[in-house]
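User: I'd like to go through this structure and ask what the labels really rest on. Can we take it step by step?

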Amino acid sequence: MTLKTGLPDGEGADASDAKGNVERATASQRTLVWWAFKKHKLAVVSAWILIAMLVVIVLTEFVAPYGARHRDSEYTTAPPQVLKLWDTDGEDGFRWGLHVDGHVSEQDPRSLRITYEPDPDDRVEVGFFVKGDEYRLFGLIPWDRHLIGPKHHGDPMYLLGTTTDGQDLFSQIVYATRVSASVGIIGVLLAFALGIALGAVSGYFGGWIDNIIQRLIELFMAVPSIPLWLGIAAALPPHMGPVTRYFIITTILALVAWTGLAREVRGRFLALRSEEFVTSALLDGSGHGRVMFRHMLPSFSSHIIAALSLSIPSMILAETSLSWLGLGLRPPAVSWGVQLQDASKWSVLSNAPWLLIPGLCVVIAVLAFNFVGDGLRDAADPYKH
Amino acid sequence: MIKYLGRRAVYMAATLMAISLVVFIIISLPPGDFVTALRAKYSVMGQGLTESDVQALRVRYGLDGNILQQYWNWITQIVLHGDLGMSFEHSKPVADVIGPRLGATLGISLITLLMSWGIAFPIGVYSAVKQHSIGDYAATTVGFLGLAVPNFLIALIFIYFSVTWFGSVPSGLCSPEWCDASWNLGKVLDLLGHLWIPMIVIGTAGVAGLVRIIRNNLLDELRRPYVTAARARGVSEGRLLRRYPLRVALNPFVSTIGWVLPLLLVGDIVVGQILSLPTLGPVLLSALKAQDMYLAGSIIMVLSVVTVIGTLISDLLLGWLDPRIRLGHQR
Amino acid sequence: MEQPLLEISGLRTGFDTYDGKVRAVDGVDLTVHAGKTLCVVGESGCGKSVTARSILRLVDAPGRIEGGKVVWHGDDEPFDVLSLDHDDRRLQRLRGGEIGMIFQEPSASLLQLRTIGAQLIETIRIHTGLDKKAARARAIALLDQVGIPDPERRVDAYPFQLSGGMCQRAMIAIALCANPSLLIADEPTTALDVTTQARILDLIRDLQAEHSMAVMFITHDLGVVAELADEVAVMYLGRVVERAGVEELFADPKHPYTKQLLASVPVLGRDRGRDLPTIPGIVPNPLHRPRGCSFHPRCAEAIAGRCDVDDPPEVVFDDGRTAECVLYDENEGVRA
């Protein structure tokens, strides 16, 4: 007696997406997600930032002008040097050439404070792919080329200034990016492994298994996480190698973050359990594991990636805060949080605001992961506006 | 309602159990115990302790026996006698270290919590009602930044500007001339003058998160059929907003106590450190760094209990606000 | 002829989406006569609900009423609803006062956190100025009138404590609280089970007779149309394609779309054991509306070179019924 009805009636906007034109109708899920994602401008810009970050993580030593241990005791807490394309004050007036001006330093005899003035006569030639400190690319290939650096190895070129130890801030930030960003990514992957295992089992089987796992998750969520990870981090033996410490801190952060992901995964599995394609896969004789991870999981992979991306910021923030408080990573390991310890003393900070630049990296990274996550989440339902 | 309350209370008890276990594990994680530390201290002073002295001390502090017995001793001491153990660093009972600072911590957190709500609620509502307006974009942007900037960075930036503009950093909770004065209007004003700085640093992330929550919830609610239905029967716009979607969006807002409170308490660690406030934060930090585990563990325990109580209060409020919960229809 | 109560002419309502503008309602003309029932029927997405919502200006962003007139004749002086200011008292009085409205999902249309009594009393007080006590007495009387048993107790019930049918009754009570002269019912029975549907329809019919009000009934169910309607308007893709009295329409459908709609209704006995005819194809995306008559790709009688090129004319027949189709251009009708 009723007509063929496909959609809730009345919303013109819904109707527009229900039956697309041919191109739209034949596009794959992945293509649709990509189209929707592209409309989210901030997300696209953020995605590029994340890709750049990934490049920095992989090619750390190449991107950094100086080696991790480079220390210039003559240039401590020196301000950023401006990269110039030409100068007009050479002997022959105007001339091209990438360079920075050197500094003349002066020490106040009473306060012992060193002040720096740019010295236009002291020209430091800067070039790309220059020879510098030796390193091993990917930890394997010995090389000494750097993306950017002074043409004469050993000249000072500190684009973002130096730290209180006389280390190049830019290089240090590059090294810190590898550590801080990877803590977030690895931590989320660990949390995800735990979350997906328990969440999938919980949502797929339901019943008493679900009940037990859900109560466990609720308990975990009710325990205030932040004071606890402070405590656990502090209880670690102080004389731990930086690599061990890195992995343990990452694990602690993952232990705190897995519950949210587990809930997300469980909700999806619960919703999909009664779908026909699941039933038919089971009737075809696929095992539970195969149905869960080959049939169900791929159907909401965009949601999962979005959830992962949205979980990374809190990890990065947690690591940064923990390290800044002196309870997370410790020197010689260098992360954004460790770097910011340098800026904690107000007597230092008031003369060297550039020491806050690692903080800017934190903010940018957190925002980028958030925007990409948001964009993906919105795009994951291409049929829904 | 009674069933709901009962369930909440059982959860709270279970949570407290879990927290106490984890805290105890934290306390026992570093090698050596309180007596080992004491022994080291005495031997530095040239007074060696004999093996039997050590054993006696262990019995006295409940540190003999296996780990389960130790936990039992520890927890019964807390529950029955309020004895949180000894602080190694301060050489006095943990309760005496925590006690005087607990008030300031709770006070600052509570005031910041109320302020955060007071600020976030109108902004969130405005942002949702005037979606896509300039004000909305501004609020959303600030909200994103507020969540992306770690609070210690806010504190550092604040310090930088404070030093470059005023030449110093205001610290403590009161100016020297008012600190010992009895309570009067001048002291209250002075306190407020000092309080706004920690409040900004502690509260920013909370406010940003709350604005986001209220905005998203309200946006969801504004699209619901009951809004159109109410408009169709002539309910005026202002009344409609107040009586209908806002009423619903209030629920998730109330249930945020559970996560805002720990956020504030951690903010206190950062601010207390930088601005030298008489709160628990700096004590916790130095205890953690010195591995003064009884003190650190106890502070963590106290903070967790405060959070759990906060969550319980928000559950009660929810039950009061939402008839579905009160009448046992959902959740 | 009867007195027109509400006259919609040239109504256009569009939705701005990412992919472009969707013209959900694209030039609709409708007239509701006092005391009569007009059924607006059509498939999902044909714009019938948006038309109903446009009358009281209830279209939410990104939707926007872009043109046309909605003239209300219920007052001493007719006025165009669409040209009123937002805070015009006449608009406030129209909403819930002169025009009551009920919706598709009764329990979602009531706020779950307040009792139905509170929501009912609120509306009564807005439109009648009764004090709290009197409004409560009236609320109980109204609940009794719409067939809610034990109204003294139910008045303090929350919507989630009532069934869908009971919620719809409560919605009807709210819609009736100021004795409206028009009730707009936007698929009020779609979300309910069949027996409840029948009872709600009976209730609406009884109340209509009792209050001598007009009803504009939006539905996709031709059975409901046959049962309730005096007049019928058939909508397809944002336009009214045929308009007729209910007997004429069922006896002699003019527009090919109406014909196919009627053919797809099963008839007891006749259709046993055979497949029901369906309308071939799907409703086109309103973003990519076909050129010419928007029904021509699915129409069995389409004339190539004509229907896919020119907009169809509106043909007015002798008895006042209309159809938007080229088939009747020359012989039967008079071109409008």
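User: How many residues of domain 1 of chain C are in contact with domain 2 of chain C, and what makes a pair count as a contact?

Analyst: 9 residues of domain 1 of chain C are in contact with 7 residues of domain 2 of chain C. Two residues are in contact if their C-beta atoms, placed from the backbone, lie within 7 Å. Helix 7 (residues 194–211) of chain C gives the most to the domain 1 side, with 3 residues. Before we go on: this is a predicted model, where local features need pLDDT of at least 70 and side-chain atom pairs count only at pLDDT 80 or more, while totals for chains, interfaces and linings use all residues. Residues are numbered from 1 along each chain as its sequence is written, and chains are lettered from A and ligands numbered from 1 in the order in which they are written.

User: What makes a stretch a "helix" or a "strand", and how many does chain C have?

Analyst: Helices (H or I, at least four residues) and strands (E, at least two) are DSSP runs, numbered from the N terminus. By that count, chain C comes to 10 helices and 13 strands. Chain A, in turn, has 15 helices and 4 strands.

User: Where do the domains of chain C lie, and what do the bounds come from?

Analyst: The bounds come from an automatic or database domain assignment. In chain C, domain 1 is 1–98 + 181–200 + 210–289, and domain 2 is 110–177. Taken over C-alpha atoms, the centres of these two domains of chain C are 27 Å apart.

User: Why does the radius of gyration of chain C agree with a compact globule?

Analyst: The radius is taken over C-alpha atoms, and the globule rule is 2.2 Å times the number of residues to the power 0.38. For 336 residues a compact globule would come out near 20 Å, and chain C has 21 Å, so the two agree. The C-alpha atoms of chain C fill a box of roughly 70 × 50 × 45 Å along the principal axes.

User: Why is helix 6 of chain C called largely enclosed?

Analyst: A residue is buried if 20 or more other C-beta atoms lie within 10 Å of its own, exposed if 12 or fewer, and partly exposed in between, with C-beta atoms placed from the backbone. In helix 6 of chain C, 12 of the 13 residues are buried, so the rest of the structure largely encloses it. Among them are Met166(C), Arg169(C) and Leu176(C). Their cover includes helix 3, helix 4 (132–145) and helix 7 of chain C, along with strand 6 (99–102) and strand 7 (182–186). Over chain C as a whole, 50% of the 336 residues count as buried, and for the 385 residues of chain A the figure is 41%.

User: How do you know what span to expect for helix 6 (residues 164–176) of chain C?

Analyst: The expected span is 1.5 Å times one less than the number of residues. Helix 6 of chain C has 13 residues and reaches 18 Å from its first C-alpha to its last, close to the 18 Å expected.

User: Why does Thr105(B) count as buried?

Analyst: Thr105(B) has 26 C-beta neighbours inside 10 Å, so it counts as buried. It's found in helix 5 (residues 94–129) of chain B. Leaving aside neighbours within four places in sequence, Thr105(B) is in contact with Asp268(B), Thr279(B) and Leu280(B).

User: Which classes make up the side of chain B that touches chain A?

Analyst: The contact takes 39 residues from chain B and 32 residues from chain A. Helix 15 (293–321) of chain B gives the largest share of the chain B side, 9 residues. That side has 31 nonpolar, 7 polar and 1 charged residues. Here Ala, Val, Leu, Ile, Met, Phe, Trp, Tyr, Cys and Pro count as nonpolar, Asp, Glu, Lys and Arg as charged, and the others, Gly among them, as polar.

User: How many residues does the contact of chain C with chain B take?

Analyst: That contact takes 23 residues from chain C and 18 residues from chain B. The chain C side divides into 12 nonpolar, 7 polar and 4 charged residues.
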